[in-house]
Amino acid sequence: MSRNAVLSVMWVLAVGLGAARAAETCCNVPPKGFKALFNGKDLTGWKGLVGNPKARAVMTPDQLAKAQAKADKIMREHWQVVDGALVYDGKGQSLCTVKDYGDFEMLVDWKIKPKGDSGIYLRGSPQVQIWDPANQKGIGSGGLYNNKKNPSKPLVRADNPIGEWNTFYIKMVGERVTIKLNGKLVVDNTVLENYWERDKPIYPTGQIELQHHGNTLWFKNIYIREIPRKAEKDQ
């Protein structure tokens with residue numbers, strides 16, 4: 001092999017290594033002002049699903065602790081970290097943040113397989129929809145699926161091809177939610193209804209959940225910025 005050919009191979013390898021390192025450093029590192037909900041390495045900051053907000057509210061501390069220990073065991077059996085992404089095998093339950101949140105901005109990358117179905121629960125309530133549009137009469141992801149009185153469908157279809165990564169931007173202030181999917185507005189300041197207690201407004205705080213729906217899922221680059229509420233600012 002000539003000297004020029006050797007140098008060319010070395011240059012290609014160097015570029016490839018540089019790209020790989022850049023890909024590593026860009027993943028699961030929050031943008032300015034945001035905090036990472038997922039560290040890219042393990043399940044720190046996450047827990048298994050115990051019932052729903054209404055059911056959890058009536059549990060005694062002992063009942064909740066026992067149920068949580070059982071749920072966490074199931075979580076660890078079915079949610080894993082692979083190559084810097086959360087991967088769900090489709091056989092357990094939803095993955096939940098240990099911490100509850102009120103008003104916030106959130107970023108999250110996700111991908112699914114054909115006919116995949118999932119969602120993002122906000123304050124423990126369903127949901128920002130994730131699914132395969134081809135399996136849903138062409139309706140894209142990002143809608144507030146469980147709304148009855150307020151809009152439930154996304155404004156536009158903005159999904160990337162199945163198997164590719166997608167990015168949600170989610171903003172929740174009070175009852176209202178705004179969502180962009182891959183940079184396109186799909187939900188515009190719409191009320192998220194209380195699925196668990198239809199006669200009440202959405203809960204003021206609650207956990208964020210990555211919804212289990214019986215199929216393989218991937219999530220990464222999950223970031224949040226909490227928004228102080230006006231009453232808190234005025235104090």
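Mentor: Cys96 is buried, with a relative accessible area of 0%. Buried means under 20% relative accessible area, exposed over 50%, and partly exposed in between, with a 1.4 Å probe and protein chains only. This is a predicted model, where local features need pLDDT of at least 70, side-chain atom pairs count only at pLDDT 80 or more, and totals for chains, interfaces and linings use all residues. Residues are numbered from 1 along each chain as its sequence is written, and side-chain values use heavy atoms, with hydrogens and water left out.

Trainee: And Cys27, what is its relative accessible area?

Mentor: Cys27 has 24%, which makes it partly exposed.

Trainee: How many disulfides does the count come to?

Mentor: The count is 0 disulfides, where a disulfide is a pair of cysteine sulfur atoms within 2.5 Å.

Trainee: On to the sheet. What is the strand order?

Mentor: The order is S2-S5-S12-S7-S8, an open sheet of 5 strands with antiparallel pairing. Strands are DSSP runs (E, at least two residues), numbered from the N terminus, and two of them pair if DSSP finds at least two bridges between them.

Trainee: Which strands stand at the edges?

Mentor: S2 (46-48) and S8 do; each has a single partner strand, so one side of each is left without a neighbour in the sheet.

Trainee: How many bridges does S7 make with S8?

Mentor: S7 and S8 (residues 125-131) pair in the antiparallel sense over 5 bridges. Asp117 stands opposite Trp131, and Ser118 has Ile130 as its bridge partner. The two strands form a hairpin with 2 residues between them, and Arg123 in the turn has a positive phi of about 55°.

Trainee: What about S12?

Mentor: S12 (residues 206-210) pairs with S7 over 2 bridges, in the antiparallel sense. There, Tyr121 stands opposite Glu209.

Trainee: Changing topic: where does Leu185 lie?

Mentor: Leu185 is in strand S11, residues 184-191. Leu185 is partly exposed, with a relative accessible area of 34%.

How values were computed
Helices (H or I, at least four residues) and strands (E, at least two) are DSSP runs, numbered from the N terminus.
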